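Please read this briefing beside the sequence and the structure shown here. The points that follow are grouped by topic.

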Amino acid sequence: MTRILIVEDDVPFGTMLKTFLIKRDYEVELVFSGLEAFKKLKETAFNLILSDVRLPDTNGLDVLKKVKAENAETQVIIMTSYAEISMAVEAMKIGAFDYVSKPFRPESILQTIENALTHTQVKPEKEKKQAKPLSKPAATPKETSFVKGVSEAALKLSDYIQLVAPTNMSVLIMGESGTGKEQVAKSIHEQSKRAGEPFIAVDCGAIPRELASSEFFGHLKGSFTGAINDKTGHFEAANGGTLFLDEIGNLSYELQVQLLRALQERKIKPVGSNNELHVDIRVITATNEDLAQAVKDGEFREDLYHRLNEFSIKVPSLKERKEDLMLFAEYFLDEANTELEKNVIGFTESAIEAFKNYNWPGNLRELKNMVKRAALLTQDEMIPLKVLPYEIATANHTNTETEYGLFKNKNEEQLILDALERSGGNKSKAARLLSIDRKTLYNKLKQYNIKL
């Protein structure tokens, strides 16, 4: 079994990451300081180290140096915040396989871990000769985190996804931060002819300028200082599948030129190589900026903009699809129950009312984080008002035009059917999803002749 050591002083985050990886059939140990890490490294051979760059008694670079000094084949992935990118770059130069920017979802690091383990096929020196070769991560279930919803905005979004998914057109996804643009991109990929091939997601805003070419196109060993191994770039990793470039507006002008050439010619050249590689990929991009205005301002190449914008999709904000609010809240609650190993069944009426009154500026990301936090704090079967963040619990409903009312929704019957499906036919839970009482639900079931 593949052994992973997590070095992370944030106890809740480290514990969550450990639990997540254990569920994927890894053997995982967690320590909270560099001293503990050095002790573990003497006792046990690990296939992979995940280390935070900031530790209470040292830093991730010292852990990296120690690991590489004892066994150069053991791969190290550095976890860092955006403010510490320079240290991540330094870590790459002295032998880290890769780095990931925090905060991140645990599932987003699986591909990086798999790449690291696939890259290293040599067993640690402390492994016995009879030991089995490195095991691959267990197959993860297909993600279904794209909730269609029943609001008019949601149905229009779903129609656009179904329309463009079977094609090979480049898609530009626009929308506010936190609206779920990556999930839309995944849904397009999963409904496309490339569904069985890789889906590689890249945050363009998290790539240091000096490493951008290497990140996208790869590099050969020795091509620059610190390039101690060959590296597969995002384009090659996505070959045959879909490359999703988030926050595309953050690309430097120089990289925009390289990206345009790669898309036009379908060829890439790794840093330090004289040979071009042919790639067959579909590109989906996303932005929360006005790219058209960036083109006018001379900050984004017009030819690249048109290359990426063969088809555009606007993802609605949560306040534009309020009929879907409780559908998402229940979905995120199911996720939180699984991850936290809890059994919270729903939300109290006062909590639901607070949801209605709040404007959700952070959109789905804010809703997901809030539900997870509330599920963790809840000691009862229902999430009460008292565990919600202050700004949500105290929000006042002042805009009558944005009321959630079920009966203002033109897709009322479909909304009821969806809630019943989500609740497994449980009328009480369906009523809570719809923010109505059971008596009103029974009357509506009779009105639409819905029989269970």
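Y358 is buried, with a relative accessible area of 11%, where buried means under 20% relative accessible area, exposed over 50% and partly exposed in between, computed with a 1.4 Å probe on protein chains only. This is a predicted model, in which local features need pLDDT of at least 70 and side-chain atom pairs count only at pLDDT 80 or more, while totals for chains, interfaces and linings use all residues. Residues are numbered from 1 along each chain as its sequence is written, and side-chain values use heavy atoms, with hydrogens and water left out.

**Aromatic rings**

- The structure holds ten aromatic pairs, a pair being rings of Phe, Tyr and Trp (its six-membered ring) with centres within 6.5 Å, counted as stacked if the planes are under 30 degrees apart, edge-to-face if over 60 and tilted for the rest.
- The rings of Y358 and W360 are edge-to-face, because their planes stand at 85° with the centres 4.8 Å apart.
- W360 is also buried, at a relative accessible area of 2%, and one aromatic cluster is formed by F347, F355, Y358 and W360.
- K231 lies over the face of F97, at 5.9 Å from the ring centre; for this, NZ of Lys or CZ of Arg must be within 6 Å of the ring centre and within 35 degrees of the ring normal.

**Nonpolar cores**

- In the largest nonpolar core, which has 30 residues, those touching the most other members are F216, F235, L243, L245, I248, L259 and F300; such a core is a set of buried Ala, Val, Leu, Ile, Met, Phe, Trp, Tyr and Cys residues joined through side-chain atoms within 4.5 Å.
- The largest share of this core, five residues, comes from α10.
- Apart from it lies another core, of 29 residues, among them L325, I352, L364 and A375.

- E330 is placed in helix α13 (residues 325-340), helices (H or I, at least four residues) and strands (E, at least two) being DSSP runs numbered from the N terminus.
- With 3% relative accessibility, E330 counts as buried, and its contacts (heavy atoms within 4.5 Å), leaving aside neighbours within four places in sequence, are I345, G346, F347, R422, K429 and L433.
- D52, found in strand β3 (residues 48-52), counts as buried at 6% relative accessibility.
- Beyond its neighbours within four places in sequence, D52 is in contact with V7, E8, D9, G60, M79 and K102.
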